[in-house]
Amino acid sequence: MLSSIIDAFKVPELRKKILFTLAILALYRFGAYVPVPGIPFNEFANSFQDSGVSMTMLDLFTGGALSNFSVFSLGIMPYITASIIMQLMQGVIPAIGRWAKEGETGRRKITQITRYLTLGLGLINAVGYLLLFKSPQYGVVFSTAVPEVLTDVLVVFTLVAGTAFIMWMGELITQRGIGNGMSLIIFVSIVSRVPSAIFSSMNLTADTGMGIAITVLTLIVVLACIPAIIFVERAQRRIPVNYAKRVQGRKMMGGQSTYIPLKVNAAGVIPIIFASCLIYFPAQLAALFNVDWLTAVADAISTGWVNWILTVVLIVFFAYFYTSMVFNPEETADNLRKQGGFIPGVRPGTATVTYIKNVLHRVTLPGGIFIAAIAVVPTIIFYFTGNTLIQAFGGTSILIMIGVALDTMNKVESQLKMHNYDGFFK
C-alpha cells in the first residue's frame, strides 16, 4: 500500500487533488479552534464539561468545535439534515422526484435548495445555541463594552457563516479533490477526538496500569473488528445474466454471461449518518428551546435502551430506503430487455423486476442488521463502562471511518488505473 501511495503522488494531477483535499481538511480543523468573537473561552470550556450526553455526542461529530464554541460549532449536521429532508422529499413531492431523474440539471436544482435549507437550519441552530449557552447552565456573559444585541447578532452571523463555509469546503473537496467532501469532514471530526479519548481512557481508573491495559485491549478489539466490517462492506450477491446471441451485420453479437452485483450494504455509511442526525435532532431542539423536559427527552434518546432501539430501527430503515433510491429494479430489468439479456430461469419483464426486488430485500436486511449491531454494541458497552475511547471508537464512528476510507481509496484507485498503476487492491 505504501508503494501505491507513492505512485499516487507521482501523478501530478492526482497529487494536486490529494494535497488540495488535505489543505481544505487542515483549514477545517483550524476553524474548529477559532472561537466566536466575544466568548469567554475558559469559563465556557469549564462549564461544557458538565454537559449532558446529547451535547457530548454532538461535540463528537463537530470534532470538538462545539466545546470550543468555535466558528464551526454547528459542524456539518445542518447540511446532512437538509440532505436527509431532500432525500425524503423526492418520494413525497413529484417535482423533486422528477428533478432527481433529470440528470445534472435536476441535481443542480436539488443542490441549490439543499444549500438554502442548510442555511435556514443553521440559523435555527445558531439561535438555539446562543440561548442555551447564555442560560445559567453555561453562563456565557458577553462584554458590556458592546451592546448585547449587537454581540448576539455577531455570534449568530458567525455560526451561520461557519456552516456555509463548511458546506463550501465540502463541495470544493468533492469537485476538485479526492472523495466525498462531506464524508471526509465527518471522518476528520471523528478521528480528531481519538488521541484525547486514548489519553482519557488510560487515566479512567486510579490504577494507571489497569487503564493502559484496558485501552490496549479496546484497541485490539477494534482492530480485530475492522476486517469483518470490510468483508461485509465488500460482500456482494451476484445475479447471473446471460445475453442471447444475435446477428448484427456479419458479426455474431451476444452470447456471453455476466452478473448484476448487489452489495450487501449498498447504502454504505449513509444509514449510520442519517440515523445519527435524526437521533440527535432532539438535542438540537433542546439547545434551541432550553426547556427542562425537552432536554431530558434529548438525553434519554441520546443514550440508554431507547437510543439502542431507535438506532437499530432507523439504520435498517435507511438501509432499505437509500438502497431503493440508488438502485432501480424496473430500470435494470428494462435495460436487460433492451440489450437482449435475461436472468436464467426468470422471464423478462415483470418477473425479472420481482425477482431482483426479492433478492435486493433479502440481501439488504442482513447488511442493515450487521451495521446496526456494529453501531449499537459499543454504545451499550460505553453505557456500562464510561470509557471515552469506546465512545470515540464506537460502532457509528468506526463504520463511518472505515466506509469513508474505503470510498476514498476506491476513488484514488480509479484515478491510478487511469494512469496505468496497479493501485491499492491487487
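Helix α16 gives the most to the lining of the second largest cavity, with 3 residues; helices (H or I, at least four residues) and strands (E, at least two) are DSSP runs, numbered from the N terminus. The model is predicted, so that local features need pLDDT of at least 70 and side-chain atom pairs count only at pLDDT 80 or more, while totals for chains, interfaces and linings use all residues. Residues are numbered from 1 along each chain as its sequence is written, and side-chain values use heavy atoms, with hydrogens and water left out.

**Cavities**

- The structure holds 3 cavities of 30 Å³ or more, a cavity being a set of points, on a 1 Å grid over the protein atoms alone, where a 1.4 Å probe fits but cannot get out.
- The second largest cavity holds about 40 Å³ of space, where a volume is the space filled by probe spheres set on the points, which are joined across faces, edges and corners.
- Its lining, meaning residues with an atom within 4 Å of a point, consists of Ala333, Leu336, Arg337, Gly341, Phe342, Ile343, Pro348, Gly349 and Thr352.
- Two or more residues of this lining come from each of α16 (329-338) and β5 (341-342).
- By class, the lining has 5 nonpolar, 3 polar and 1 charged residues, with Ala, Val, Leu, Ile, Met, Phe, Trp, Tyr, Cys and Pro counted as nonpolar, Asp, Glu, Lys and Arg as charged, and the others, Gly among them, as polar.

**Helix α12 with α15**

- The axes of α12 (residues 270-279) and α15 (residues 304-326) come within 8 Å and cross at roughly 135 degrees, axes being lines fitted to C-alpha atoms over the stretch in contact, with angles from 0 to 180 degrees between N-to-C directions.
- That angle makes α12 oblique to α15, because angles under 35 degrees count as roughly parallel, over 145 as roughly antiparallel, 65 to 115 as roughly perpendicular and the rest as oblique.
- The contact (heavy atoms within 4.5 Å) includes Phe274 and Leu278 of α12 and Leu314 and Phe318 of α15, and its residues divide into 13 nonpolar, 2 polar and no charged.

**Helix α5 with α15**

- The axes of α5 (residues 77-90) and α15 come within 11 Å and cross at roughly 65 degrees, in a left-handed crossing.
- Here Gln87, Leu88 and Gln90 in α5 meet Phe321, Tyr322 and Met325 in α15.

Methods. 1 Å grid on protein atoms, 1.4 Å probe; cavity = no way out; pocket = protein on both sides within 12 Å on 5 of 7 lines; lining within 4 Å. Left-handed = near helix turned anticlockwise from the far one by under 90°.
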